[in-house]
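Please look through the structure below before reading on. The paragraphs after it go from the whole chain to single residues.

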Amino acid sequence: MPEDMKMPALSRTKPVVTKAAAEELIARAMAHATKIGKTVSVAVVDDGGFLIAFSRMDAANPASAQIAIDKAYTAAVSHIATHKWQEIMQNDEPLRIGAPPAVHRLMTFGGGQPIVIDGQVAGAIGCSGGHWTGDTEIGTEALKLFA
């Protein structure tokens with residue numbers, strides 16, 4: 001390589017969600033859910049959608065466990081909150097028809113939100129157990145950890 005040419009960067013730094021941060025997010029989500037009278041499951045994943053931490057309240061619907069994990073997965077890998085997917089699909093019929101069966105684990109209702117640190121998606125939180133608006137509220141409250 002000529003001396004006047006710069007070598008492109010071969011790596012980059014990126015923020016990550018630590019296990020301690022994931023557990024704190026879950027604690028905050030559970031506390032807010034209790035405060036508003038909801039029973040939920042909460043999942044925190046890394047930027048590849050892999051589970052870091054999870055908890056399900058005793059009285060939460062068992063189905064909420066996998067839904068919370070999939071909401072977090074969707075938000076992490078798409079970089080789009082799941083309630084925004086609902087809005088996107090409402091105005092895009094081909095996407096609405098084609099994406100759900102083609103995109104594995106895609107959740108298109110609220111409760112999954114990216115965790116953004118220093119402008120980069122580092123992971124996501126997924127909450128499930130109530131109406132999607134309440135699930136979104138619970139995740140939003142937990143994400144104040146990074147505000």
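What share of the contacts in the protein chain with a separation of 6 or more comes from residues 24 or more positions apart? Such residues account for 63% of them, where contact means heavy atoms within 4.5 Å. The model is a predicted one, in which local features need pLDDT of at least 70 and side-chain atom pairs count only at pLDDT 80 or more, while totals for chains, interfaces and linings use all residues. Residues are numbered from 1 along each chain as its sequence is written, and side-chain values use heavy atoms, with hydrogens and water left out.

The protein chain contains five helices and four strands. These elements are DSSP runs numbered from the N terminus, with helices (H or I) of at least four residues and strands (E) of at least two. Read from the N terminus, their order is α-β-β-α-α-α-β-β-α. The C-alpha trace spans about 65 × 40 × 25 Å along its principal axes. Of the 147 residues, 41% count as buried; buried means under 20% relative accessible area, exposed over 50%, and partly exposed in between, with a 1.4 Å probe and protein chains only.

Covering residues 120-128, strand 4 has eight buried residues out of nine. Strand 1 (residues 41-46) pairs with strand 4 in the antiparallel sense over six bridges; two strands pair if DSSP finds at least two bridges between them. In this pairing, S41 stands opposite S128 of strand 4. Strand 3 (residues 112-117) also pairs with strand 4 in the antiparallel sense, over six bridges, and P114 has A124 in strand 4 as its bridge partner. In a regular strand the side chains alternate between the two faces of the sheet.

Strand 3 and strand 4 form a hairpin with two residues between them. D118, in the turn, has a positive phi of about 55 degrees, and D118 is exposed, with a relative accessible area of 71%. Most residues other than glycine have a negative phi. H79 is another non-glycine residue with a positive phi, of about 65 degrees. H79 is found in the loop between helix 2 (63-78) and helix 3 (82-90) and is partly exposed, with a relative accessible area of 48%.

What lies inside? The largest nonpolar core has 22 residues, and V17, L25, V40, V42, V44, I115 and I125 have the most contacts inside it. A nonpolar core is a set of buried Ala, Val, Leu, Ile, Met, Phe, Trp, Tyr and Cys residues joined through side-chain atoms within 4.5 Å. Helix 1 (19-35), strand 1, strand 3, strand 4 and helix 5 (132-143) each give two or more residues to this core. Helix 1 supplies the largest share, seven residues. Apart from this core lies another, of eight residues, among them A43, V45, I69 and A124.

Two residues show contacts in detail. Leaving aside neighbours within four places in sequence, V40 is in contact with residues including M30, A33, M57, S128 and I138. T136 is found in helix 5 and is buried, with a relative accessible area of 12%. Not counting residues up to four places away in sequence, T136 touches H83, G110, G111 and Q113.
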